[in-house]
Amino acid sequence: MAHTEWKDAPGLPDFSLLKRLARDQLIFLLEQLPGKKDLFIDADLMSPLDRIANVTILKFCLYTSSLKYTYFLFFFCRLCFLIRPRIQTVKWISDLVNADKVAGRFRRYKIIFTPQKFYACETVLEEQGVYGDVTTDEWNFYILPLDDDILSLELPEFFRDNFLEGDQRWVTTAGSALRLLQSVYGSFSKVYGIGRCAKMVYESWRELMEDGEQRTRQPEFAKVFLVDRDVDFVTPLCSQVVYEGLVDDLFRIKCGSVEFGPDVTSSDKSIKVMLNSQDKVFSEIRNEHFSNVFGFLSQKAKNLQTAYDKRRGMDIQQMKAFVADELKGLKQEHRLLSLHIGASESMMKKKTKQDFQELLKTEHSLLEGFEIRECITYIEEHINRQVSMIDSLRLLCLLSITENGLLSKDYRSLKAQYLQSYGIEHLLTFANLRQLGLLEEQQAGETLTVMESKVGKLVNDKTVGKLTDAFSSLAKKSNFRALSKRLALVPKSGEEYDLRVPRDMAYVFSGAYIPLSCKLIEQVLERDGWTGMEEVTRMLNGQEFAVTGGSSSSEARSKTDAQRIVLVMFLGGCTFSEISALRFLGKERGCRFIVVTTAITNSSRLLEALLDNSA
Amino acid sequence: MTRAKPEDDEYWNSSKFKAFTFDDEDDEFSQLKESKRAVNSILVDEDEDDVERVSWSGEPVGSISWSVKETASSIRSGSEQSFPKIDTTPSLSKQGSGYSLSSLFKAKSKPGAFQSFSESFSDTSFRTYAPELRKPKSDGKDFVSDLSPEETVRRMQKGRPFSLEKFRSLQDKLLLLDEAVAVYDGNVITAVLIFLKKSLSKEILFRELMARDVALRHYVHYLKEMGEQKLLVELLKALGRTEDMALMHYKEHLNIKDEGRRRDFLKSCLSLPFSQDDATHVQDHYTLLERQIIIEASDKKADAEIFKKFPRKASILNMPIITTLYYSCFYHYGESEGTFSSPSNIRKTFRISEKQYILTALGARAKLKSWFDVDSLFNTKNWLGYTKKKSPIGFHRVVDILHKNSAPVQVLQEYVNLIDDPDLKLSGALKYKCHDVVINTYRDLKDRQQLIVYREKLERDSPEYRKIQELLNNVQIRWKN
């Protein structure tokens, strides 16, 4: 049952090299600053930094602190700030420098931006009159390997910046990340993609490669697939039910590690645990549907007991060998096992408390387009009872996307009730969701207006009219129902789905839905392009592409393992459920997927990025 | 830099003196040349600095695998073949406004158009208006201010020195902007916009941005991040996006901490051009905060029994409407509709549905364990004067809420009995251990087996146990099993 390594799985490239490169560059940058210094690190960078350079960094500075907007005590006259290029942070640093100037303190300041600097940030320094007092540098830390097959850019803001605000500042960053991968691990034979941003990232990557020198290296990836998050919003909005996804939904995995509270550890302490393939227990259950996990863990516990029991009846020599060879492994496994059992228990408790079954039932009905009225009533009650603000919003968005927008009457009434329950300032949140096309009101006689608006554009050529069109064109129709039919995303209801023996990727959502993003990837890889999928891409707003690699050696390499490695880049974040689905697909098709994502996301992170209810 | 005198202007501009430029000994000229060289050398130095910085591996930093390799554009053409382009196929539909994506993709493939324009430009206007920037032809190509929009944008992308000073005509500025948009680099787009913001009047800039959607969105985002609220509101107004403008303005209230000032600000928002729906919501927001301030002021010093028994945990200010209603059902239940703090007043003012009201009041009264109030929430009298219990929400929900507020079995039992759906009723009864309901249901179903099973779960000789015993001994019942 557990996903164990299959026999002829292609080996994965060694991504720890990326960590080393990043670490070395950081050390180099810090070494350039002479003397002892106070180093301030953006709070968002703490965890990624921890993954690559925990101890080494501290050699260069006596005092490290996470950057918070509070009052500091400084020890040295050299201050170094390691930050994301954000205007707010730079403004704050400028204020600090100016305050020093007023007080007549003389210090040296250095800002290291990662992964790159932005002109807008430098302009702030200039405008605040501290340009020159503050010197800047870049630490090109593009990719953090989270696991053997997960690479993250650790840029959660990519999603809002790109899709909501329409700011393309991270396009080049994503292009640079791909360039880095290509120059370290070699070329590819084919690139596919879908989405506006995907296209831009590809172009940016291509430009960068043309500028740099070409390396002729044995390729380590066969294919690359780029996909925009807004191609598929349904998947990240669904409740996750595979183990890793569920852990993320409930405990929030941060940079590949999670903090289990006292309720899990059954002690009074919280424990931070790394969750990756190194954890033997976790790696066996991470991709499993939650309903299988308990059974697996109890079996595992029994095995462990048997292993411990071997001690009995051992003579002294055997005992010695046992202690030397096995005991440590067993103890380790014991510890992990009890942690995951604790986590499972705690998850069960949390989920039964909030009527998880009913919630899932509603989600599945929405995906299926079945008993929509009942779903609306459920959502309404959810809102009325002021249960989780994010969950209510999530259900509303799912309803809107699957139904191509809400009926005017429903939209108004649900919005009004939402504002009553969770605060009127969520008006702003609703405006955001509407702009993104996540939560919309159906326009009267919608089916007719598609043609009309096209004609209208030609007739009414006022700039203002054009402009509102341009803005609303970003909020596109989801066409989910039609897509789901065409790609067979929702298996026929009534059929038994054995979650122990998954037959397709739908198992990651209890057999109720195959993630659209993953289905697209499967189809394109199967067809080796988009041919035959015209209808689908039209419904996804076009923007698909497929290009064949130019390097001539494509035949020569067809025999190698690399041919079976596919790099999938999610622009705007990807969920653990999608990763599990791709792992499953890889196993079915005898290939391996490497996921590159701008950040790991889930429904809460996705929606929280769009909230506008606080200053 | 030395200032050129009028006669120098003439000198530079007339072709008559051309023959002498090369070896001219003129003081001012050599001075100019000197300073020119100085300027150049600064730039060049920086450049070389970049290249010479050596990384840990001994390679120049500029060439380590991930940082942008600084190479001449000549290499580009050579390797063009090796990295394939996306086919710009007609699958991309051209959109209404200025730059659709497809045209962006096309623009890239034929840079010639930009090039030729800028060249013709630098031959004429540039030299006439900025003579002091001219320098000996030999190193002219290197000087950053001599670059075409395309080259300038490339330099900006790579973080190399550049100068935007020479982009002075509106046309040049816009070419620069369009070029930045064409390479999809948001960082550069914003940089150019900052330059335009400083060098164009806002009316002109707004006008030009109207037809440039991508640039406009960058500009809006930049202003948001810089907190330039005022300019942003002006921009949105100029674009005719009045609703967005209203929302943007409304958002400001989040930054106001003092509740009195916040209330006044919300009042000032009432006249903004919101959509019809949103206008109602904003009106509600104002009314709500106004009420909350009044309630908070009087409750802070209230000494009624209820406040002593259940001290308030937090202030009611800025809470959602439903929370306010709950609060009012908790502390001000039964007040007459005339008072602001009464549940009925709040219910009426904010047009709260019956369902929502019942849910909230139920929660509050159950929390206080006033079962009498709970009862009266559902009591309705029919025309004969009989009281009957009715509820806009399913009674299984009611039971659920009562249970969560640890209602005693007697209360639960009454409501479990009211559940219409027999299955829900039975499962509810089992879940909340309402023995009587369970036993009666099984009796009605004539399910002897289930009764026997259930008996085993009960304590021997408890009243329920005996009741089952009696039933099982009753020979009049025709059991189905």
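Accessible areas here come from the Shrake-Rupley method with a 1.4 Å probe, and for residues only the protein chains shown count as cover. With that in hand, select chain B: its accessible surface comes to about 25,500 Å², of which 51% belongs to carbon and sulfur atoms. This is a predicted model, where local features need pLDDT of at least 70 and side-chain atom pairs count only at pLDDT 80 or more, while totals for chains, interfaces and linings use all residues. Residues are numbered from 1 along each chain as its sequence is written, chains are lettered from A and ligands numbered from 1 in the order in which they are written, and side-chain values use heavy atoms, with hydrogens and water left out.

**Stop 1: chain B overall**

Switch to cartoon. Chain B has 26 helices and two strands, taken as DSSP runs numbered from the N terminus (helices H or I, at least four residues; strands E, at least two). Of its 481 residues, 46% are buried, meaning under 20% relative accessible area, with exposed over 50% and partly exposed in between (1.4 Å probe, protein chains only).

Now select residues 170-269 of chain B, which UniProt lists as "domain: Vps16 C-terminal" in an unreviewed entry; its positions are given in the numbering used here, feature names are shortened, and annotations may be inferred rather than shown by experiment. This stretch is 81% helix and 0% strand, with the end C-alpha atoms 37 Å apart.

**Stop 2: chain A overall**

Chain A has 25 helices and 14 strands, and 60% of its 615 residues count as buried. Take contacts (heavy atoms within 4.5 Å) between residues at least 6 apart in sequence: 77% of those in chain A join residues at least 24 apart, and for chain B the figure is 51%.

Next, pick helix α9 (residues 243-251) of chain A. How many of its nine residues are buried? Nine of the nine, Y243(A) and F251(A) among them. Step just past the helix and you land on R252(A), with a positive phi of about 60°.

**Stop 3: rings**

Show the aromatic side chains. Rings of Phe, Tyr and Trp (its six-membered ring) pair if their centres lie within 6.5 Å; planes under 30 degrees apart count as stacked, over 60 as edge-to-face and the rest as tilted. That gives 29 aromatic pairs over all chains.

Zoom in on F159(A) and F233(A), an edge-to-face pair at 6.1 Å centre to centre and 90° between the planes. F159(A) sits in helix α5 (residues 157-164), F233(A) in the loop between β9 (223-228) and α8 (234-237), 74 residues apart. F159(A) is buried at 4% relative accessibility, and F233(A) is buried at 7%.

Hop to chain B for F378(B) and F395(B), a tilted pair at 5.7 Å and 55°. F378(B) lies in helix α20 (residues 371-378) and F395(B) in helix α21 (residues 395-404), so the pair ties together parts 17 residues apart in sequence.

While you're in chain B, select R347(B): it lies over the face of Y357(B), 4.3 Å from the ring centre. The rule wants NZ of Lys or CZ of Arg within 6 Å of the ring centre and within 35 degrees of the ring normal.

**Stop 4: the core**

Of its 307 residues, F81(A), W139(A), Y513(A) and L402(B) touch the most other members. Centre on W139(A), whose contacts include L26(A), I52(A) and F113(A).

Conventions
A nonpolar core is a set of buried Ala, Val, Leu, Ile, Met, Phe, Trp, Tyr and Cys residues joined through side-chain atoms within 4.5 Å. Lists of a residue's contacts leave out its neighbours within four places in sequence.
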